[in-house]
Amino acid sequence: MIKQSDLSADNAIDREVVEAGDYYMKVVTRGQTFRILDLEGNQAADTLFYAADDPSERYSAMDT
């Protein structure tokens, strides 16, 4: 079942459309929420997260 987000897009500190095959790289700090929304409804989002101060420390979406 899909849960509707309680967060308001009006409160977002950044909104960016990333084209297919491109990448997005920004620092997300503790307590911030990062949301991926597929605008076309048919694309998987391969996602990796790295520690900003130590890029050798990597997390995938599967680690959560």
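Reader: Why is Tyr 24 called partly exposed?
Author: Tyr 24 has a relative accessible area of 30%, and since buried means under 20% and exposed over 50%, with partly exposed in between (1.4 Å probe, protein chains only), Tyr 24 is therefore partly exposed. This is a predicted model, in which local features need pLDDT of at least 70 and side-chain atom pairs count only at pLDDT 80 or more, while totals for chains, interfaces and linings use all residues. Residues are numbered from 1 along each chain as its sequence is written, and side-chain values use heavy atoms, with hydrogens and water left out.

Reader: What makes Phe 34 partly exposed?
Author: Phe 34 has a relative accessibility of 35%, so by those cut-offs Phe 34 counts as partly exposed.

Reader: Why is the pair of Tyr 24 and Phe 34 called tilted?
Author: Rings of Phe, Tyr and Trp (its six-membered ring) pair if their centres lie within 6.5 Å, and planes under 30 degrees apart count as stacked, over 60 as edge-to-face and the rest as tilted. The centres of Tyr 24 and Phe 34 are 5.9 Å apart and their planes stand at 40 degrees, so the pair is tilted.

Reader: What makes the pair of Phe 34 and Phe 49 edge-to-face?
Author: The planes of Phe 34 and Phe 49 are at 90 degrees, with 5.7 Å from centre to centre, so this aromatic pair is edge-to-face. Phe 49, with a relative accessible area of 32%, is partly exposed.

Reader: Which residues form one aromatic cluster?
Author: The cluster consists of Tyr 24, Phe 34 and Phe 49.
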